[in-house]
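Here is a short briefing on one protein model. Look at the structure first, then read the points below.

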Amino acid sequence: MAGKLKISGLQGLAAGEDFYINKGDSVVIGRSRRCDISMRQCLRYLELSPEERSAQHHFHTVSRQHARVSFYSTDSVEVVDLSSNGTFVDDRKVDKRILTDLGVNPHVLRLGTQETFRLQIVETDAPAIVPGRGISDPDARETQITRVK
């Protein structure tokens, strides 16, 4: 098993989904379908009708490319704000922050007003996102993104 950065959706459209990042990789999170983790590709968003999607006011506080998360090592994960709407780590607004204790303490990442994620290091063989290409097993979205019960 390999240590991976696990990004778990806690609140908002990504709630209930887990994303895994390999050491050495960086991912961009945002509204755009071109992001490695795209709010428009989250299962809760895809289940909404066009009318419900346009009524999602919190969704529009997430920028097209909102934040970059880079997993250098278990004691070095960088979060960079790419937006004008605010990126928060543990309820503190950040421009750039290096997390040095994810191996022992999870942290909470918030994009805009509602999209909230837990960042933590886990030992798993789950497929990881390949930056720029999405999920490492393109035929198996469900093996990459799992629902939290």
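Contact here means heavy atoms within 4.5 Å. The model is predicted: local features need pLDDT of at least 70, side-chain atom pairs count only at pLDDT 80 or more, and totals for chains, interfaces and linings use all residues. Residues are numbered from 1 along each chain as its sequence is written, and side-chain values use heavy atoms, with hydrogens and water left out.

**The sheet**
- Strands are DSSP runs (E, at least two residues), numbered from the N terminus.
- Two strands pair if DSSP finds at least two bridges between them.
- Five strands form an open sheet in the order β4-β3-β5-β6-β9, with mixed pairing.
- β4 (37–38) and β9 (96–99) are at the edges with a single partner strand each, so one side of each has no neighbour in the sheet.
- β5 (residues 67–73) and β6 (residues 76–81) pair antiparallel over six bridges.

**E78**
- E78 sits in strand β6 and is the bridge partner of S70.

**E115**
- E115 lies in strand β11 (residues 115–124) and is buried, at 3%.
- Not counting residues up to four places away in sequence, E115 touches Q11, G12, L13, A14, M39, V62, L109 and R110.
- A polar atom of the E115 side chain lies 3.2 Å from the backbone nitrogen of A14.

How values were computed
Helix = DSSP H or I, 4+ residues; strand = E, 2+ residues; numbered from the N terminus. Buried < 20%, exposed > 50% of the residue type's maximum accessible area, 1.4 Å probe, protein only. Polar contact = N/O pair within 3.5 Å; in protein donor to acceptor, adjacent residues only side chain to side chain.
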